[in-house]
Amino acid sequence: MLGYLASSLLVISTIYSIDPSSAGPLDALSWARMDNINLPWLPYENMTRCYGELGCLNITKEWYHLIFRPFNVFPLPRSVINTRFILYTEKNPTDGQLLQAETKETIMKSNFRSDWDTKFIIHGFIDTPLSNWVSEMRDELITRGGLNVIVVDWAGGSLPLYTQATANTRLVGLEIAYLIKKLTEYKGLRAEDVHLIGHSLGAHTAGYAAERTPGLGRITGLDPAEPYFQGMDPIVRLDPSDASLVDVIHTDGRSVFRLEIPGYGMSHACGHLDFYPNNGKEQPGCALSQEGAATIPLTLIKDGIEEASRVLLACNHIRAIKLFIDSINGKCPYVAHRCPSYQHFLSGNCFKCTSGNCALMGYHASLPITTTRQNISENDIAVGSSIPVAPQPGKYFLATGRDFPFCQRHYRFTIELAKPKTAEPWVQGHLTAGIFSERGAIRSLDLTPKGTARFEHGTVYQVVVTNPHDLGDRIRKVELAWTHDMNVLEPTTLCLFWCNNHLYVKSIQVETMQMPSRE
């Protein structure tokens, strides 16, 4: 199939004399946009459909792309999608109140308070408000206190076919915007106090709602859906212009166009702050070959077949949800580093938390911050006298665990290798460490996460490793354990009787990333 697709692209580019290499770096397939190629099913003029007070939707050529979005349809009727809004507050934490924008009485008699921030939870494809994660997020938000939590139920429109479901999100966005308008009119809600939290298709739904809600405060996209959105114009998908703050957590961004096992989420940045835990693709504990697969039978018994299916088929995709839920009231902050790539991050090249180079992932995300203080340590996160600055371009990386607690403490090891006359120019092997402080000890930290590494004597080896335990800032003692590795398939790694397989270390420095308190 991929071969056929590649052949088709070659034929099309030849017919229309388009050079794919001329495409921009952010979209290598921009030549396939529909303003370059005409296909018989494209609209010759704007196609528009109106929905009363909600407003109108149109389909233009900007909504098409030969590869990413070849077909478009209008949403199903409002009566079929049947979008519902259920309000939860501290007064009714589990017994929701139905809000109907067309019925003023349901809003006026509800427990909604305009002096509280308002959080919308928007589910995605083949999902419903009955999913475990929706109630878990709702409960954590209610526990947080002082919040209106509104669960958006669009289960009538989230079912297959996927093409139809993506179209339905546009109408659901209109419904959300209309409710916000009525809450503003009847209860005095301010748009800047609204926070839309959407998973998968729900993330793009939030973008559509924000398009009709000027001054919206915040959108959190939890692994926004890739199919029919990645590579498209900002009007089609979630983008930074949708709210004052758009923060996105990417956890399943593997692309079929890169010959990877396809994921469900976007890999392209689409917010002010784009977080990529564990590089935003494979999450620890999700591969069937890993230990996490052993939890599937337990999940089946505890949470039922639906949740077990999620773990089996969409573990990476739903990890964004779990990370966000854990961040709401958890004591460990998810500090992420702005970095060119995940490999740069793991190599310890992006450990500074000054000048807006760090941001909190999850519920407590905010614009990167800088400081007016002088002589700040590179490990400090600016707090107190800090002032907000505009979001800086780039991606934010961090490492997390395979299960609760997902939040990890980051440690940077800087190992200066000696070069005595007896040492080999380089050796290959596995390195582990134990670190000790007044708070306790961590043993068997893996300093060669890829299994083995090549160490060149006379150079500096640097790596960032994570662990859930917090040993504080004063590391008293470090122990290293070295195991030389020989691979018979790589003759250059063989070290027998005539060579020295020792690793010579001159100095070790262990730095702990400072984390701001959320108490």
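Does A191 count as buried or exposed, and at what relative accessibility? At 13% relative accessibility, A191 counts as buried, where buried means under 20% relative accessible area, exposed over 50%, and partly exposed in between (1.4 Å probe, protein chains only). This residue belongs to a predicted model, in which local features need pLDDT of at least 70, side-chain atom pairs count only at pLDDT 80 or more, and totals for chains, interfaces and linings use all residues. Residues are numbered from 1 along each chain as its sequence is written, and side-chain values use heavy atoms, with hydrogens and water left out.

A191 sits in the loop that links α5 (162-187) with β7 (194-199); helices (H or I, at least four residues) and strands (E, at least two) are DSSP runs, numbered from the N terminus. Setting aside neighbours within four places in sequence, A191 has contacts (heavy atoms within 4.5 Å) with T213, P214, G215, L216 and G217. Between the C-alpha atoms of A191 and A243, which are 52 residues apart along the chain, the separation is 9.7 Å.

A243 is also among the residues touched by I219, together with H195, L196, A206, G207, A210, L238, D242, L245, V246 and D247, not counting residues up to four places away in sequence. I219 in turn belongs to the largest nonpolar core, which has 53 residues; F120, I150, I176, L179, L196 and I219 touch the most other members. Such a core is a set of buried Ala, Val, Leu, Ile, Met, Phe, Trp, Tyr and Cys residues joined through side-chain atoms within 4.5 Å. Elements giving two or more residues to this core include β5 (117-122), β6 (147-153) and α6 (201-211), while the largest share, nine residues, comes from α5. A second, separate core of 35 residues includes I121, I142, L273 and L398.

Strand β16 (residues 409-417) pairs with β22 over seven bridges, and S507 in β22 is the bridge partner of E416.

As for confidence, the chain averages a pLDDT of 82, and 76% of the residues score at least 70; pLDDT is the predictor's confidence in each residue, from 0 to 100. Residues 1-26 stay under 50, with 25 contacts beyond four places in sequence. Where pLDDT is low, the predicted coordinates should not be read in detail.

Notes:
Pairing = 2+ DSSP bridges.
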